[in-house]
Amino acid sequence: MAEKQVMIFALDDSDHSYYALEWTLDHFFPSPSTSNFKFIIVHAKPNPTSVVALAGPGTTDMFTLVETDIKRAAQKTIDKSKELCKTKGVTNVLCEILEGDARNVICEAVERHHASILAMGSHGYGAFKRAVLGSVSDYCSHHAHCSVMIVKKPKLKN
């Protein structure tokens, strides 16, 4: 039997990301036992030094608290994604929590795992907000060396 292709799902702790994960599971793993993909979920957690931007007495204690909080939040995000996978019958999932800028971490994971597809959600920012904050999905669509699927959460009509 041929080796399965690798699909990486880039996860953050947003409703958009969980929607995209559910959509991806529904459309690519309707019958998990016959899926053509090895499924890897990648979550990028920020480096504590990027969050703690101060120096002086007590900085080490603050750094430790922030680092612990970041690790706890990252594990909670991965646990939630594993639970969603499990409810969809997808149990053979590799999950990675990687430290660093999400754009770089995701593109590096694509390279390391020789992924043929990268799936991710989109926050749906407008042009101004995207220009100010930067868009992980936009960056990955231009820099990941594989096909990139960006799943957008439908906007509710008023």
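How many of the six residues of strand β4 (residues 117–122) are buried? Select the strand and check: six of six are buried, where buried means under 20% relative accessible area, exposed over 50% and partly exposed in between (1.4 Å probe, protein chains only). Before going on: this is a predicted model, with local features needing pLDDT of at least 70 and side-chain atom pairs pLDDT 80 or more, while totals for chains, interfaces and linings use all residues. Residues are numbered from 1 along each chain as its sequence is written, and side-chain values use heavy atoms, leaving out hydrogens and water.

Strands here are DSSP runs of E, at least two residues, and helices are runs of H or I, at least four, all numbered from the N terminus; two strands pair if DSSP finds at least two bridges between them. Strand β1 (residues 5–11) pairs with β4 in the parallel sense over four bridges, and Ile-8 stands opposite Leu-118. Strand β5 (residues 147–152) pairs with β4, also parallel, over six bridges; there Leu-118 stands opposite Val-148.

Next, pick Ser-135, in the loop between α5 (127–133) and α6 (136–143). Ser-135 is buried at 15% relative accessible area. Its side chain makes a 3.2 Å polar contact with the side chain of Ser-137 (a pair of N or O atoms within 3.5 Å; within protein, one must be able to donate a hydrogen and the other to accept it, and residues adjacent in sequence count only if both atoms are side-chain atoms). The Ser-135 side chain also reaches the backbone nitrogen of Asp-138 at 3.0 Å.

Last stop: Tyr-18. The charged end of Lys-80 sits over the Tyr-18 ring, 4.1 Å from its centre (the cut-offs: NZ of Lys or CZ of Arg within 6 Å of the ring centre and within 35 degrees of the ring normal).
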